[in-house]
Amino acid sequence: MADMNSKTSNTNATVPCKSDKAENPKNTDQMVKASEIQSWANVVGGNKLASRGMDLQYIVPMIKDGEKIVQSDLEDVEQENEKWNTTLVLYVIGNSLSIGAMERFLNSVGKYSMKPQIYYYNEDYFVIRFANLEERNQVMYTGPHTINNRPIVMKAWTPYLNLHEEVLRTIPLCVKFLNLPLNCWSMKALSKIGSALGNPVYAGDCTTGIVRISYARILIEIDITKPLPRRVKLQDPMGKTIEQEITYD
């Protein structure tokens with residue numbers, strides 16, 4: 001009887017068994033990788049240097065034709081556009097400058113509500129951020145400037161500015177229109193005349209106030225990879241054409 005009870009007990013006992021599913025090595029690898037990621041996050045999170053920066057997050061990129069494309073929205077860039085809107089890109093032709101030398105130059109050409117921030121870019125380019133547009137313009141529009149008798153190329157920053165393709169290709173030049181007819185000194189007329197050469201940017205005080213009438217002087221962004229024109233044709237409302245003489249500062 002005891003033997004029968006023993007047999008019955010053994011028969012009803014719970015017997016440990018192996019899982020029907022074999023362990024998936026891929027799942028194991030994913031768990032290890034997740035563990036590693038979590039570990040790195042903990043390491044970075046506890047780092048004093050990392051606490052001075054900013055946390056980033058994973059954002060799924062767009063896939064188009066099998067290729068990853070990072071698509072930015074207006075809200076992603078509009079704050080940075082506003083931040084850099086008062087910036088000037090500057091390059092001194094044929095000369096390498098230190099940040100200290102650039103600070104001395106800026107102090108010599110204007111006064112500022114806040115000290116301009118100077119960033120050194122590769123190959124002797126400088127990116128200078130001013131507190132406001134007025135302070136940027138007082139540097140940009142009072143030229144032409146030189147440092148150690150070397151000409152300075154200045155260009156206002158834009159979101160699509162390519163330093164290597166544009167800064168040394170299209171530069172602002174001061175253009176004089178000698179003996180310009182007095183009925184061509186309006187803002188619209190000067191803009192039209194300047195547009196025949198490039199992108200007109202600014203007319204100085206003497207030209208705006210017609211203080212000196214022997215010539216009009218305009219700052220124009222011009223493509224210097226092409227020959228600089230010495231004359232431009234002007235046609236009046238009656239169809240009469242004259243050749244306007246041009247000189248460059």
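The model is predicted, so local features need pLDDT of at least 70 and side-chain atom pairs count only at pLDDT 80 or more, while totals for chains, interfaces and linings use all residues. Residues are numbered from 1 along each chain as its sequence is written, and side-chain values use heavy atoms, with hydrogens and water left out.

Reader: How many salt bridges does the structure hold?
Author: Side chains of opposite charge can pair when their charged atoms come close. Here a salt bridge is a side-chain nitrogen of Lys or Arg within 4 Å of a carboxyl oxygen of Asp or Glu. By that rule, the count is three.

Reader: Is Lys 155, the partner of Glu 221 in a salt bridge, buried or exposed?
Author: The two side chains meet at 3.6 Å, N to O. Buried means under 20% relative accessible area, exposed over 50%, partly exposed in between (1.4 Å probe, protein chains only). At 6%, Lys 155 is buried.

Reader: And what about Lys 115, buried or exposed?
Author: Lys 115 pairs with Glu 103 in a salt bridge, with the closest N and O atoms 3.3 Å apart. Lys 115 sits in the loop between α4 and β4. Its relative accessibility is 63%, so Lys 115 counts as exposed.

Technical notes. Helix = DSSP H or I, 4+ residues; strand = E, 2+ residues; numbered from the N terminus.
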